[in-house]
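I opened the file to look up how one chain is built and how it meets its partner. The entries follow in the order in which I made them.

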Amino acid sequence: MPRLKTLVRREGGVPPLRGGHSLCQGCGIPMVVRTVLGSIETPAVVVSATGCLEVATTRYPTTAWTVPWLHVAFENAAAVASGVETAYRVLRRRGALPQADPITFVVFAGDGGTYDIGLQALSGALERGHRFLFVCYDNQAYMNTGVQRSGATPRAASTTTSPAGLESFGKVQERKDMTAIAAAHRIPYVAQAAASHWQDLGEKAARAAAADGPSFLNVLTDCPLGWGHEPRISAWIVNAAVESCLWPLYEVVEGRYRLTYRPKKVVPVEEWLRPQARFRHLFRPEARELLDAIQRRLEEDWAALLARCEADAASFDARPTQRS
Amino acid sequence: MATELRRPRVLTGGEAVAHAMRQIDPDVVPVYPITPQTPMIEGFARFVAEGKAGGEIVNVESEHSAMSAAVGAALAGARTMTASSSQGLALMAEVVYIAASMRAPIVIALGNRALSAPINIHCDHSDSMLVRDSGAVQLFVENAQEAYDVMVMAPRIAEHPDVLLPVLVCQDGFTITHSAEPVVLLEDEEVRSFVGEYRVPYSLLDLDRVTTQGPFAMPDYYYELKYQQAAAMTAALRVLEQVSDELAVLTGRRYGALEPYRLDGAERAIVCLGSTAGTVKDVVDELRAEGERVGLLRICAFRPFPFERARAALRGVEAVAVLDRSDSPGGWPPLAAEVATALYGLPVQLRSYVYGLGGRDLHAREIREVARDVTRLDREPTYVGLRGPRCRG
């Protein structure tokens with residue numbers, strides 16, 4: 001079970017992702033990267049999709065990475081990882097690796113590179129059963145290109161391609177449930193986590209890395225620029241998504257659902273929405289119905305998830321979760 | 001020499017490629033099926049299933065992922081091959097460019113096929129021309145034997161430290177991929193020692209020498225990195241000739257960047273790529289027998305293009321007919337454009353002929369007509385074998 005001290009000690013003064021990169025103040029992505037990589041026992045090799053993380057950490061001839069890192073394109077990170085992982089197994093079998101260490105392969109992609117353009121390659125790689133951990137840092141829009149709407153953008157969010165205006169309340173459609181899509185591949189380990197809950201995230205990363213096959217983490221992270229909030233409330237705003245049950249923290253282990261965090265006092269989704277400029281229009285009087293619909297939808301989803309977790313609870317007690 | 005003792009087998013071009021892959025024994029082969037490439041990957045899959053090749057096939061969900069997985073595998077230190085055709089190569093195209101830029105020496109066996117629309121499964125060269133400027137080496141073969149031989153050469157060219165580029169081994173779909181011919185194979189051991197080991201210069205999996213690969217480069221560095229690719233392609237021309245020499249020692253068969261055929265004293269020359277050269281050679285023989293001074297220049301390396309050797313080979317010819325099996329609407333067809341560049345400033349008349357799109361046959365009769373028609377002045381490409389008002393060939 002990773003503690004902050006353990007994470008820091010494991011980094012040994014050399015974080016996998018060093019400072020000096022150009023990610024924004026208040027960006028949740030580096031927290032996700034360091035928590036995930038710090039929670040994995042073995043050396044890690046990282047594959048990144050095109051996106052904020054890639055652009056901000058590898059401006060040639062500099063790099064913020066101290067672990068092996070590879071980027072090829074936007075939509076294909078899972079396919080690239082398939083090739084790297086296959087090469088690793090074949091070369092190990094043939095005694096042709098530089099070192100004999102076991103390696104954990106970790107992919108980092110944004111929601112665009114996961115929910116949208118990267119979905120096909122991800123689905124294929126999950127179906128083929130490559131042993132790698134795919135981490136989606138989900139900040140709910142194409143932030144790198146300037147806040148365009150994605151399949152992860154929630155309903156009513158104003159983005160540069162779904163702007164709110166006199167005739168518009170932002171994005172018309174609901175976001176897709178990417179965690180459920182990953183779980184439908186019946187891979188050994190799928191989890192939903194949040195940048196604000198680093199210990200929960202670290203535990204999930206450790207379990208995901210220990211899984212004998214593909215694993216998937218969908219991690220909610222903020223984007224001060226795209227969400228329109230002050231950088232200093234970065235952790236607070238992601239926490240509000242969890243406390244309102246908009247972004248439940250749970251895992252799906254060998255197909256069985258389990259809640260890993262239950263808010264003691266559920267807060268209304270308004271707490272999460274109100275500090276974000278992208279939802280400002282929801283607080284106009286004529287948006288009341290839409291605001292209620294968002295709250296209602298969230299409650300339905302939460303109830304369905306609870307029912308699912310309760311149904312699976314018995315089998316969890318009988319078979320303890322695999323630990324690293 | 002052992003060469004004479006070897007009994008030829010009857011193999012299609014696709015099967016010959018599968019045998020070359022078995023003998024090279026690549027580590028990782030990510031593939032996605034498409035006609036007419038399938039005999040290559042099915043043949044290789046059978047060899048793997050029977051334990052005759054020890055690498056791993058990754059049956060990916062698209063050609064885009066095939067090429068993406070190939071880049072990952074190659075940079076991780078695995079000898080990597082894939083195969084494709086037509087729409088498959090079109091879907092791969094984005095990553096073919098990236099593979100070349102990241103200097104991933106992936107061998108791609110291609111069964112050349114027309115591009116949609118209309119959808120068509122038969123041969124033309126539109127697919128490989130689509131990635132003409134990607135920075136991948138493109139070698140066109142004439143028959144199944146050459147498909148095999150060039151596949152054996154391909155890893156040596158791709159992986160040479162001065163090159164490190166993807167190599168496309170282009171064989172005409174169906175005409176070569178599915179036509180059975182006598183093919184002489186090397187012994188497994190000979191191929192293995194010929195290709196040697198793949199040593200990746202910077203392995204992604206090296207934990208002692210950690211690398212960041214595929215970074216973001218701005219105007220201050222991007223240009224220099226692209227220049228290095230251009231320099232690598234220039235080196236590939238030299239490496240191709242070296243490797244051809246080495247293979248010739250083993251087999252007695254030599255393939256360089258181009259093949260002149262009866263060009264000595266020729267007044268007129270035909271230039272083409274691929275299997276069409278076989279038919280053109282027959283026509284050249286007939287015309288020579290009839291006293292006409294006609295020859296052939298077959299281009300084997302379309303990238304890197306052997307400009308100087310092509311110019312030298314065609315110097316002294318009065319008229320050149322370039323046969324292109326792909327078109328560039330609104331411009332000159334790709335082979336004609338390169339040959340025109342090679343001949344620039346020489347007193348040689350050049351005419352461009354497009355033929356065989358979507359697998360339309362090119363008959364000996366039509367090649368004879370081209371050989372006679374070539375001295376006529378015309379700046380527009382002629383469409384040989386086309387029905388309708390522009391039919392002149």
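I looked up burial first: 54% of the 324 residues in chain A are buried, that is, have 20 or more other C-beta atoms, placed from the backbone, within 10 Å of their own. I note that this is a predicted model, in which local features need pLDDT of at least 70, side-chain atom pairs count only at pLDDT 80 or more, and totals for chains, interfaces and linings use all residues. Residues are numbered from 1 along each chain as its sequence is written, and chains are lettered from A and ligands numbered from 1 in the order in which they are written.

Next I checked overall dimensions. Along the principal axes, the C-alpha atoms of chain A fill a box of roughly 70 × 50 × 40 Å.

I then turned to the partner. I find 39 residues of chain A in contact with 40 residues of chain B, contact being C-beta atoms, placed from the backbone, within 7 Å. On the chain A side, α3 (52-57), β2 (69-71), α4 (77-93) and α6 (119-128) each give two or more residues; helices are DSSP runs of H or I of at least four residues, strands runs of E of at least two, numbered from the N terminus. α4(A) gives the largest share, eleven residues.

β2(A) pairs with β9(B), residues 212-213, in the parallel sense over two bridges, pairing requiring at least two DSSP bridges. A:Trp69 stands opposite B:Thr212.

Technical notes: Two residues are in contact if their C-beta atoms, placed from the backbone, lie within 7 Å. A residue is buried if 20 or more other C-beta atoms lie within 10 Å of its own, exposed if 12 or fewer, and partly exposed in between; C-beta atoms are placed from the backbone.
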